[in-house]
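Please look over the sequence and the model shown here before reading on.

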Amino acid sequence: MVLTLVGGASLCGMAALVLLIISTATDYWMQYLSQNALRKPVLRANRKCINCICSTAFWDATRAFMLLSVLGCFAGVLLGVTASKRPWSRRVRTGGIALLLSGFLALLALAIYTGMTVNFFGKRYIDWRFSWSYILGWIGIILAFAAGVLQLCAFQRSVSEPAPASVSDS
């Protein structure tokens, strides 16, 4: 049972890592519908854009938190995969904590982006929408949290289960 939890956590963590990388690296977080689906990138945002928000601090915060989230997710997946044969090791617990931290950092990044975008564009424009990169980020958050919880549950079960009785050859 414990090995299936670690395997499921590793699978969720890998999917979260892929989705967070795709979400961070692609430009389709938001689209203006009236300007031939002009997209607004996060990583390569132009600081001199005319239609952009005047303060670039939220762009920098979103970038930083998303990149830290990807690094945390990579560390959590790596720790979970390397310790998948030994679910009682501290690597599983550390990997679970790293995945939960990764999900929290991505949640923070997307919350900042959502708040600033809705606050700015919701008041000035009516023809914009969030796009698929943004949605993949939210799905990655859910998977990162799920992977972290599964790894922590696997560690807790492996610690609480008694060691298997050795069979004597008598």
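## A leucine in helix 4

Leu152 is found in helix 4, which spans residues 132–160; helices (H or I, at least four residues) and strands (E, at least two) are DSSP runs, numbered from the N terminus. At 27% relative accessibility, Leu152 counts as partly exposed, a class that lies between buried, meaning under 20% relative accessible area, and exposed, meaning over 50%, as judged with a 1.4 Å probe on protein chains only. Although Leu152 and Leu5 are 147 residues apart in sequence, their C-alpha atoms are 9.2 Å apart in space.

## How the model was treated

This is a predicted model, in which local features need pLDDT of at least 70 and side-chain atom pairs count only at pLDDT 80 or more, while totals for chains, interfaces and linings use all residues. Residues are numbered from 1 along each chain as its sequence is written, and side-chain values use heavy atoms, with hydrogens and water left out.

## The overall plan

The protein has four helices and three strands, and from the N terminus on these elements run in the order α-β-β-α-α-β-α. Of the 170 residues in the protein, 41% are buried.

The UniProt annotation "transmembrane region", which comes from an unreviewed entry, covers residues 64–83, 95–115 and 135–155; UniProt positions are given in the numbering used here, feature names are shortened, and annotations may be inferred rather than shown by experiment. In the model, residues 95–115 are 100% helix and 0% strand, with the end C-alpha atoms 30 Å apart. Residues 135–155 are likewise 100% helix and 0% strand, and here the end C-alpha atoms lie 31 Å apart.

Helix 2 (residues 57–82) and helix 3 (residues 90–124) have axes that come within 7 Å and cross at roughly 160 degrees, where axes are lines fitted to C-alpha atoms, for helices over the stretch in contact, and angles run from 0 to 180 degrees between N-to-C directions. Because of this angle, helix 2 is roughly antiparallel to helix 3; angles under 35 degrees count as roughly parallel, over 145 as roughly antiparallel, 65 to 115 as roughly perpendicular and the rest as oblique. The residues of the contact of helix 2 with helix 3 divide into 18 nonpolar, nine polar and one charged, where Ala, Val, Leu, Ile, Met, Phe, Trp, Tyr, Cys and Pro count as nonpolar, Asp, Glu, Lys and Arg as charged, and the others, Gly among them, as polar. Helix 2 passes helix 3 in a left-handed crossing, a term used if the near helix is turned anticlockwise from the far one by less than a right angle, whereas clockwise makes a crossing right-handed.

The axes of helix 3 and helix 4 come within 8 Å and cross at roughly 155 degrees, which means that helix 3 is roughly antiparallel to helix 4. The contact of helix 3 with helix 4 is made by residues that divide into 18 nonpolar, seven polar and two charged, and the crossing of helix 3 and helix 4 is left-handed.

## Residues in helix 1

Thr24 is found in helix 1, which covers residues 2–25, and because its relative accessibility is 5%, Thr24 counts as buried. A polar atom of the side chain of Thr24 lies 2.7 Å from the backbone oxygen of Leu20.

Val18 also has its place in helix 1, but with a relative accessible area of 45% Val18 is partly exposed. Val18 and Gly140 are 122 residues apart in sequence, while their C-alpha atoms are 8.0 Å apart in space.

What is the relative accessibility of Thr62? Thr62, which is found in helix 2, counts as buried because the value is 0%. From C-alpha to C-alpha, Thr62 and Leu105 are 9.4 Å apart in space, and in sequence 43 residues separate them.

Ser89 is found in the loop between helix 2 and helix 3, and at 11% relative accessibility Ser89 counts as buried. The C-alpha atoms of Ser89 and Ser158 are 8.8 Å apart, although these two residues are 69 residues apart in sequence.

How values were computed
A polar contact is a pair of N or O atoms within 3.5 Å; within protein, one must be able to donate a hydrogen and the other to accept it, and residues adjacent in sequence count only if both atoms are side-chain atoms.
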